Amino acid sequence: MNRLTSKIPEKIMLKGLTLDELRTFFIEIGEPKFRGEQLFSWMYNNLSTDFDEMLNLSKGLRNKLKEQAELSSLFFVDSETSLETGTKKFIFKTREDHIIESVIIPEDKRSTLCISTQVGCPLDCQFCATGLMGYKKNLSAGEIFDQYLLAAKDYGKDKITNIVYMGMGEPLLNFDATVNSLMIFSENLTAGISSKKITLSTAGIAPKIVELAEMNLKVKLALSLHSCFEDIRTSIMPINKKYSLKENLDAVAYYAKKTDTKITFEYVMLKDINDREEDLEALIRLSRYIPSKINIIPFNSLKHMNPVGFSAELEPTPKHKIESFVQTLRDNDITVMVRFTQGDDIAAACGQLAVKY
Ligand code: SF4
């Protein structure tokens, strides 16, 4: 379907169109193409949600746009802030009344916005509450960008310094919308988040990682690793049956080389499953082979979700064991970040999004 002719419900949804698509839109409605740059700047830099704010467009053009087009694809529902950590969770609603969540995680001098790319998720990673919800739909590029817009309006545009595509859903299974949203962020006319401050996290869709590398968008890539062994990774992440660890490691090695960036390996610590001596040794070997850093994530219990099967058996690695695991990695000159739980009092920690709603 031509994105320029898709209408929600009967009007054209402008939010989510790239710069080239907006230029084409204006040519199609009989206006000069530079109007596309003006509208792009209003939507994605000024974060405007009202045509009447766009004073460098004539009143006649603004009225024409109001008749034919829409600007907002997502609506604010609620927000909660963790008293423990300052982590802020936003609850948004799509035009079809689907609920999605985004989270701002404040750390030292930066604040990272974690955004969603799908409603729910089809991948069923065994440690993840979002996966237990199942999959509802892909978000559009506009719905992905609007999470930033609404969070920035509330929290302060200048205070959001980084973005991670790590909320609900697998971004590379919603490839076109994800890429379009990244293209919007990568334009000079967009609000001050450079591509270098954006990280896309994937469970491992190897061919799409290679495709993304070819696009030269310069965003950073994180792979949800969670085990260096094929059989264990398959038991934790069923998608490993389709795209093996080996395929994914080849793909991320290619991505690192092509984009000249380091890969982040996400590693949720699961007691007696991936916190053994052999796991440590395998991680050290892997880190020598691919330019990377490791993000260690303590496991957030899923007991409140009444999980069944393998999910029900998962337990967190004790804190003292995580600390010694991390120390051994650091002793081997590996860069390690530990994300001790951020915001589990508001169900905003890793793998907890959209449970309550
Ligand atoms: S960890 Fe990510 S990819 Fe896996 S089920 Fe959860 S949201 Fe989906």
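This report describes the domains, the nonpolar core, the strand pairings, the ligand shell and several individual residues of a predicted model.

## Domains and their contact

The chain is divided into two parts, domain 1 covering residues 12–70 and domain 2 covering residues 74–346. Taken over C-alpha atoms, the centres of domain 1 and domain 2 are separated by 33 Å. To the contact between them, domain 1 contributes 11 residues and domain 2 contributes 16 residues. On the side of domain 1 that touches domain 2, helix H2 (residues 34–44) supplies the largest share, with four residues. Sorted by class, that side of domain 1 consists of five nonpolar, four polar and two charged residues.

## The nonpolar core

The largest nonpolar core of the model holds 88 residues, and those with the most contacts inside it are Leu113, Ile209, Leu221, Val252 and Tyr267. Helix H5, which spans residues 141–155, gives the most to this core, namely seven residues. Because domain 1 (12–70) and domain 2 (74–346) both give residues to the core, it lies between them.

Leaving aside residues up to four places away in sequence, tyrosine 267 touches Leu225, His226, Ile294, Asn295, Ile296 and Ile297. Tyrosine 148 lies in helix H5, and it counts as buried because 23 C-beta neighbours are found inside 10 Å, where the cut-off for a buried residue is 20 or more. With the same exclusion of residues up to four places away in sequence, tyrosine 148 touches Leu113, Ile115 and Ile163. Leu113 is also among the residues with the most contacts inside the largest nonpolar core. Tyrosine 148 and serine 102 are 46 residues apart in sequence, while their C-alpha atoms are 8.6 Å apart in space.

## Strand pairings

| Strands | Sense | Bridges | Facing residues |
|---|---|---|---|
| S3 (residues 74–81) and S4 (residues 88–94) | antiparallel | seven | phenylalanine 76 and phenylalanine 92 |
| S5 (residues 99–107) and S6 (residues 110–115) | antiparallel | five | proline 106 and serine 111 |
| S6 and S9 (residues 162–165) | parallel | four | cysteine 114 and valine 164 |

The hairpin of S3 and S4 has six residues between the strands, and in it glycine 86 takes a positive phi near 80°. In the hairpin of S5 and S6 there are two residues between the strands, and aspartate 108 in the turn has a positive phi of about 40°.

## The ligand shell

There are 13 residues around the ligand, of which Cys121, Cys125, Cys128, Gly131 and Ala203 come nearest. By class, this shell comprises six nonpolar, five polar and two charged residues.

## Exposed residues in loops

Positive phi values are also found at two aspartates in loops of the model. Aspartate 272 lies in the loop between strand S12 (263–269) and helix H10 (277–289), and its phi is near 65°, a positive value in a residue other than glycine. Since 10 other C-beta atoms lie within 10 Å of it, aspartate 272 is exposed, the limit for that class being 12 or fewer. Aspartate 333, which is located in the loop between helix H12 (319–331) and strand S14 (336–338), has a positive phi of about 60° although it is not a glycine. Aspartate 333 is likewise exposed, because 9 other C-beta atoms lie within 10 Å.

Asparagine 306 belongs to the loop between strand S13 (292–298) and helix H11 (310–313). With 9 other C-beta atoms within 10 Å, asparagine 306 is therefore exposed. The C-alpha atoms of asparagine 306 and glutamine 147 are separated by 30 Å, and the two residues are 159 residues apart along the chain.

Note on methods
Residues are numbered from 1 along each chain as its sequence is written. This is a predicted model: local features need pLDDT of at least 70, side-chain atom pairs count only at pLDDT 80 or more; totals for chains, interfaces and linings use all residues. A nonpolar core is a set of buried Ala, Val, Leu, Ile, Met, Phe, Trp, Tyr and Cys residues joined through C-beta atoms within 7 Å. Domain bounds come from an automatic or database domain assignment. Two residues are in contact if their C-beta atoms, placed from the backbone, lie within 7 Å. A residue is near a molecule or strand if its C-beta atom, placed from the backbone, lies within 6 Å of it. Ala, Val, Leu, Ile, Met, Phe, Trp, Tyr, Cys and Pro count as nonpolar, Asp, Glu, Lys and Arg as charged, and the others, Gly among them, as polar. Two strands pair if DSSP finds at least two bridges between them.
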